[in-house]
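User: Hi! I have a structure open and would like to talk it through with you. Could you take a look with me?

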Amino acid sequence: MSTTVVNTGTEGKTWGGATKPLNSSYGKMMMWFFIVSDALTFSGFLAAYGFSRFKFIDSWPIADEVFTHFPFLHGVNAPMYYVAFMTFVLIMSSVTMVLAVDAGHHLNKAKVTIYMFLTIIGGLIFVGSQAWEWGTFIKGDYGAVQTKGGNILQFVDTEGHRVALRDFVVVDAHAERSKHESKSGLWFVSEGTLPTYTVEEVIHGLESHDNVLVRTQIINEAGEKTVLSRAESLKQIKQNGKAVVEGANLYVNEYGSPLFADFFFFITGFHGFHVFSGVIINIIIFFNVILGTYERRKNYEMVEKVGLYWHFVDLVWVFVFTFFYLV
Amino acid sequence: MAHEHKLAIFRGLVKFKSNTQKIWGVLIFLTIVTLIEVGLGIVKPESLMAQVLGMKALNWIFIILTIVKAYYITWDFMHMRDEVKALRRMIVWTAIFLIIYLIFILLQEGGYVFDVYKDGYIKRDF
């Protein structure tokens, strides 16, 4: 392995130099230490998520009702299937990575190339899936009304199925107001996109549909969200309804507490950023493999080091999956 | 190059002939665990909804299965099984100690804030 031969007379002695502490090379050990510190960063985020969840334990959104979509299957209630698929893709790309490391140990350049390539593909599928997941989450599905206190009121029919705003609210053409843009008025004042409906229109819609009820954020003893009676529903919307919310962003969230959306964007975003940088690093190593850098070095340890990072990303996802989608 | 791999998992219950074979074996195991998790998450059996130590029994099962998965990813994919004991302990014990400490503090505090809103005079629900 080493190109120079030096005899210092201290071979075999612990402090004579050339001894790897803990039988591990410098680079690998530093990768492990980085992973420990990064693991602590992620656990800080996840523990903060747990803090907020325990703080609002009786009104936190139920993940099964938030992530119910599957690409190309519109209107089909498919909780978790897509995220299970994403988990599998990431575990699979972890497997191809460890196979690449193994092929590296046997100095098999062709195999390392194939497995690195498959790992990169897996990573790209995962990042793409996450982008789709974000898109669906941001766009929203049913719409809701936010109260003065920041609580979310959703709509259900008498059987407890969710009802979307578009199914019972009609836009009042006379009352329509266009979005204020800085070019058409005060140049230093602007506003965000207006929701499709106003609160008044929602009240009208609710009054004219007897079978629509309001569902609050509060989780009852059966583990389901509380549904109000017809009279209570009208009273709540009329008294407290302040804004119509469609989809989710960092300020409002039609699924429930805005904190849920904040943590979702932050934690899955930070993880997605790790996957993305992992893909970039993998691509660099992939080209190095093709160019024969490690072949000449007679050592594929670089593959092993990025492999550690890649597995760590998978490891974090296992926890994100549990705490965002399962628990 | 010395790349000795320990080829037995489940405390020697299952032994593999080569490292490649072990990788596929671990993949099958991880897939089964994930399928159990997803299955339980979709079905949500009524019998597992009982409260155990402040959380639903089902949630405890999810957390335990997650830690099992994390163990096999670290031990077999990241080759922690093949590292020397000192390195292993340095990495794992440090992280586990600090994470448990952090989780304990934050969840304790979160529960306390919840109680203040619920039983105290501070209200946010208007």
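This is a predicted model: local features need pLDDT of at least 70, side-chain atom pairs count only at pLDDT 80 or more; totals for chains, interfaces and linings use all residues.

User: Are Asp76(B) and Lys22(B) buried or exposed?

Analyst: Asp76(B) has a relative accessible area of 2%, so that residue is buried. Lys22(B) is buried as well, with a value of 0%.

User: And what does Glu37(B) pair with?

Analyst: Glu37(B) forms a salt bridge with Lys69(B), where the closest N and O atoms are 3.2 Å apart. Glu37(B) sits in helix 1 of chain B and Lys69(B) in helix 2 of chain B, so this pair ties together parts 32 residues apart in sequence. Glu37(B) and Lys69(B) are both buried.

User: How many salt bridges are there over all chains?

Analyst: A search of the whole structure finds 12.

User: OK, let's move to the two chains. How many salt bridges are found across the interface of chain B and chain A?

Analyst: There are 2 salt bridges across that interface. Asp64(A) and Lys44(B) meet through their side chains in a salt bridge, at 3.3 Å from N to O. Glu83(B) and Lys28(A) also meet in a salt bridge, with an N to O distance of 3.6 Å. Lys28(A) and Glu83(B) are both buried.

User: Which residues are linked with Lys28(A) in a network of salt bridges?

Analyst: Glu304(A) and Glu83(B) are linked with Lys28(A) in that network.

User: How much area do chain B and chain A bury between them?

Analyst: They bury about 4900 Å², and 78% of that is on carbon and sulfur atoms. The contact takes 58 residues from chain A and 51 residues from chain B. There are also 5 residue pairs in polar contact across the interface of chain B and chain A.

User: Which helices of chain B supply residues to the side that touches chain A?

Analyst: Helix 1 (19-43), helix 2 (57-77) and helix 3 (85-119) of chain B each supply at least two residues. Helix 3 of chain B gives the most, with 17 residues. Sorted by class, the side of chain B that touches chain A has 30 nonpolar, 13 polar and 8 charged residues.

User: Now for chain A by itself. How is chain A divided into domains?

Analyst: Domain 1 of chain A covers 38-140 + 260-326, while domain 2 covers 144-173 + 194-246. Their contact takes 9 residues from domain 1 of chain A and 7 residues from domain 2 of chain A. The C-alpha centres of these two domains lie 37 Å apart.

User: How much do domain 1 and domain 2 of chain A bury between them?

Analyst: About 570 Å², with 45% of it on carbon and sulfur atoms. The count of salt bridges between domain 1 and domain 2 of chain A is 1. Glu65(A) forms a salt bridge with Arg215(A), with 3.0 Å between the closest N and O atoms. The side of domain 1 of chain A that touches domain 2 of chain A has 5 nonpolar, 1 polar and 3 charged residues. Across the interface of these domains, 3 residue pairs are in polar contact.

User: One more area. Where is Asn151(A) found?

Analyst: Asn151(A) is in the loop between strand 1 (144-147) and strand 2 (152-157) of chain A. Its relative accessibility is 13%, so Asn151(A) counts as buried. The side chain of Asn151(A) makes a polar contact with the side chain of Gln217(A) at 3.3 Å.

User: And which residues of helix 6 of chain A are buried?

Analyst: In helix 6 (residues 230-240) of chain A, those are Ser233(A), Leu234(A), Ile237(A) and Asn240(A). An α-helix has 3.6 residues a turn, so residues three or four places apart point the same way.

User: What do the buried residues of helix 6 of chain A pack against?

Analyst: They pack against strand 1, strand 2, helix 5 (199-208), strand 3 (212-219) and strand 5 (241-245) of chain A.

Note on methods
Residues are numbered from 1 along each chain as its sequence is written. Chains are lettered from A and ligands numbered from 1 in the order in which they are written. Side-chain values use heavy atoms; hydrogens and water are left out. Domain bounds come from an automatic or database domain assignment. Contact means heavy atoms within 4.5 Å. Buried area is the accessible area (1.4 Å probe) that two parts lose on being put together, summed over both. A salt bridge is a side-chain nitrogen of Lys or Arg within 4 Å of a carboxyl oxygen of Asp or Glu. A polar contact is a pair of N or O atoms within 3.5 Å; within protein, one must be able to donate a hydrogen and the other to accept it, and residues adjacent in sequence count only if both atoms are side-chain atoms. Ala, Val, Leu, Ile, Met, Phe, Trp, Tyr, Cys and Pro count as nonpolar, Asp, Glu, Lys and Arg as charged, and the others, Gly among them, as polar. Helices (H or I, at least four residues) and strands (E, at least two) are DSSP runs, numbered from the N terminus. Buried means under 20% relative accessible area, exposed over 50%, partly exposed in between (1.4 Å probe, protein chains only).
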